[in-house]
Amino acid sequence: MGFEQLMPAVAGMTWQDLVMITIGLILIYLAIAKNYEPTLLLPMGFGAILVNIPLSSAITQIDPATGEAVEGVLNIFFQAGIATEIFPLLIFIAIGAMIDFSPLFRSPSLLLFGAAAQFGIFMTMVLASFLGYDLREAASIGIIGAADGPTSIVVASRFAPNLLGPISVAAYSYMALVPIIQPPVIRLLTSKKERLIRMSGTGHANKRISKKALIAFPIVVTIVAGIIAPSSLALIGFLMFGNLIRECGVLNKLSLSAQNELASLVTILLGITIASTMTSDRFVRVDTLLIIALGLFAFVFDTFGGVIFAKFLNLFRKEGNKINPMIGACGISAFPMSARVIHQMGQKEDPYNYLLMPAISANVGGQIGSVVAGGIILTLVPLFA
């Protein structure tokens with residue numbers, strides 16, 4: 001019996017497989033040692049190892065004896081949960097159940113940052129188109145900048161399933177790296193004086209929000225979004241449905257289940273299923289590195305758009321009522337990590353400057369903004385592609 005028959009996985013191993021297994025180990029290290037989005041990076045890293053060992057039964061293989069395909073469990077999960085968009089949409093229910101929109105009611109003007117901070121998405125779409133990607137692929141790459149993993153997965157699975165692996169890894173990796181990516185961009189765009197601005201006059205921290213308003217909000221948003229962009233209804237509707245479960249007051253058990261059991265279970269399945277697309281033949285290519293670089297470009301320019309928009313608004317605000325431009329960076333959808341990062345940056349500049357509430361308001365607006373941006377892309381791109 002030859003070595004190939006005795007150890008077929010070792011005999012069939014290529015350097016590309018080893019690269020992907022190493023990437024899997026790095027993702028696991030970042031999840032455990034650095035605590036970067038462990039609920040996603042750990043399953044993705046472990047899944048990358050599973051699918052890059054030659055002849056792995058975790059993914060579909062051709063039976064040499066019969067020539068028939070033997071489906072792997074991760075491919076089955078992919079077809080059932082990601083190709084159908086079920087997993088990311090279930091995640092939206094969980095996210096909606098976690099979000100408290102009351103800070104946004106107290107400072108509704110901060111919702112604008114949820115729109116301004118989507119600037120990088122459309123900049124990246126243009127750049128990716130110039131680099132030779134078709135409009136559907138460019139839109140799928142640009143949405144990485146939303147820092148919203150489920151939205152990125154929905155758009156990519158519909159427009160560019162061949163790019164789903166690198167897009168998903170980039171989206172979730174950059175979400176995890178918010179504390180590393182955003183601060184230097186913000187410091188580059190703001191002065192010391194701007195970072196010291198206090199926002200006591202821009203919000204109403206003690207303003208009581210009625211229960212009726214909190215219940216009506218997800219219903220109204222869903223109806224308005226559905227009328228304007230019906231293609232966005234699956235995204236915005238599931239997010240708002242989760243929030244309605246939270247706010248209605250009669251489904252507390254379901255709300256807690258959505259925030260905990262549902263979120264945990266679907267996140268595990270989502271992370272390890274995405275790994276089925278992270279095979280070496282798809283991933284170890286120059287094209288993949290370009291997609292990851294474009295994703296970083298989108299993320300940086302989303303931060304840029306939010307900060308510059310805050311500085312623009314300050315041109316029209318009186319002294320004592322100005323917005324700390326760092327708040328603009330919270331318009332991305334990395335909730336609540338971006339808000340915590342901005343609050344911590346403010347505390348380093350001035351220990352008595354409490355930016356958490358306005359930061360959370362802008363960050364919640366960013367969650368809505370990213371989903372709406374995804375819905376707009378799903379609606380408009382097919383008209384021009």
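Mentor: Here is a short tour of some helices, residues and ring pairs.

Trainee: What kind of model is it, and how are residues numbered?
Mentor: It is a predicted model: local features need pLDDT of at least 70, side-chain atom pairs count only at pLDDT 80 or more, and totals for chains, interfaces and linings use all residues. Residues are numbered from 1 along each chain as its sequence is written, and side-chain values use heavy atoms, with hydrogens and water left out.

Trainee: Start with rings. How many aromatic pairs does the structure hold?
Mentor: It holds 8 aromatic pairs. Rings of Phe, Tyr and Trp (its six-membered ring) pair if their centres lie within 6.5 Å. Planes under 30 degrees apart count as stacked, over 60 as edge-to-face and the rest as tilted. Phe119 and Phe301 form a tilted pair, 6.4 Å centre to centre with 45 degrees between the planes.

Trainee: Where do Phe119 and Phe301 sit in the chain?
Mentor: Phe119 is in helix H9 and Phe301 is in helix H19 (residues 286-314). They are 182 residues apart, so this pair links distant parts of the chain. Helices are DSSP runs of H or I, at least four residues, numbered from the N terminus.

Trainee: Why does Phe119 count as partly exposed?
Mentor: Because its relative accessibility is 35%. Buried means under 20% relative accessible area, exposed over 50%, and partly exposed in between (1.4 Å probe, protein chains only). Phe304 is partly exposed at 28%.

Trainee: Now Thr124. Buried or exposed?
Mentor: Thr124 is buried, because its relative accessible area is 0%. Thr124 lies in helix H9, residues 119-130.

Trainee: Which residues is Thr124 in contact with?
Mentor: Leaving aside neighbours within four places in sequence, Thr124 is in contact with Ile141, Gly142, Leu294, Phe297 and Ala298. Contact means heavy atoms within 4.5 Å.

Trainee: Switching to H12. How many of its residues are buried?
Mentor: 13 of its 13 residues are buried. Helix H12 covers residues 164-176 and reaches 18 Å from its first C-alpha to its last, close to the 18 Å expected at 1.5 Å a residue. The expected span is 1.5 Å times one less than the number of residues.

Trainee: Last one. What does Leu269 touch?
Mentor: Leu269 touches Phe77 and Phe87, not counting residues up to four places away in sequence. Its place is in helix H17, residues 252-274.

Terms used. Helices (H or I, at least four residues) and strands (E, at least two) are DSSP runs, numbered from the N terminus.
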